[in-house]
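The following exercises concern a predicted model. Please study the sequence and the structure before reading each solution.

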Amino acid sequence: PFFLGMADAIKKAGIRAFGPSKAAAQIEGSKVFSKNLMKKYNIPTAGYDVFDDPREALKFIKNRGEYPAVIKADGLALGKGVIIAENYEEAQSAVHSIMEDKIFGASGSKVVIEEFLEGPEVSVLAFTDGKALKPMVSSKDHKQAFDDDKGPNTGGMGTISPNPYYTKEI
């Protein structure tokens, strides 16, 4: 709803609303937008390329030859739009499913293909009014099914907070 402009519509109706504007919600609703924003402002992120043609995406993956390869549907996909391909055959299947079979609908019109990074995930969110910034407690999502996170993304199986990997040193 935020990505579609819910907060904007509520505010326009004269009702105070808490939530991001449609423009601000793009950071969560479009992986292409997010990655380009990070690049523009020199925010560290995994190396990536964006594709709207499945043949070009597969050509890039094949030429790159590094696995696992991370293939992400651009838009909202209920937390399931990321496929980690262990080899070219899995990458081929992922690109075909996302971009041609449209398993995530229009979200698969573009894909982000990025390098695989290993390590713990840390989420730190914050509230802001545009002037002040108030961070929330850190958290760690559990996204993949099966022991040792060996399965597909589930859209979120839970979280722990505070995140034990988010130390004072970090």
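**Exercise 1.** Which residue lies over the face of Tyr88, and at what distance from the ring centre?

*Solution.* The residue is Lys62, which is placed 4.9 Å from the ring centre of Tyr88.

**Exercise 2.** Determine how helix α2 and helix α3 are oriented, and describe their contact.

*Solution.* Step 1: α2 covers residues 22-29 and α3 covers residues 31-40; their axes are 6 Å apart, at an angle of about 95°. Step 2: angles of 65 to 115 degrees count as roughly perpendicular, and α2 is therefore roughly perpendicular to α3. Step 3: on the α2 side the contact involves Gln26, Ile27, Glu28 and Gly29, which meet Lys31, Phe33, Ser34 and Leu37 of α3. Step 4: sorted by class, the residues of this contact are three nonpolar, three polar and two charged.

**Exercise 3.** How many aromatic pairs does a search of the whole structure find? Classify each pair.

*Solution.* Step 1: the search finds two. Step 2: the ring centres of Phe18 and Phe127 lie 5.6 Å apart and the planes meet at 50°, so this pair is tilted. Step 3: because Phe18 belongs to the loop between α1 and α2, and Phe127 to strand β5, the pair ties together parts 109 residues apart in sequence. Step 4: Phe18 has 68% relative accessibility and counts as exposed, whereas Phe127, at 40%, counts as partly exposed. Step 5: Phe51 and Phe60 have ring centres 5.1 Å apart and planes at 45°, so this pair is also tilted. Step 6: Phe51 is buried, at 11% relative accessibility, while Phe60 is partly exposed, at 24%.

Technical notes: Residues numbered from 1 in each chain as written. Predicted model: local features only at pLDDT ≥ 70, side-chain atom pairs only at ≥ 80, totals over all residues. Heavy atoms only, no water. Axes fitted to C-alpha atoms, helices over the stretch in contact; angles between N-to-C directions. Helix = DSSP H or I, 4+ residues; strand = E, 2+ residues; numbered from the N terminus. Parallel < 35°, antiparallel > 145°, perpendicular 65-115°, else oblique. Contact = heavy atoms within 4.5 Å. Nonpolar A, V, L, I, M, F, W, Y, C, P; charged D, E, K, R; others polar. Phe/Tyr/Trp six-rings, centres within 6.5 Å; stacked < 30°, edge-to-face > 60°. Buried < 20%, exposed > 50% of the residue type's maximum accessible area, 1.4 Å probe, protein only. Lys NZ or Arg CZ within 6 Å of the ring centre and 35° of its normal.
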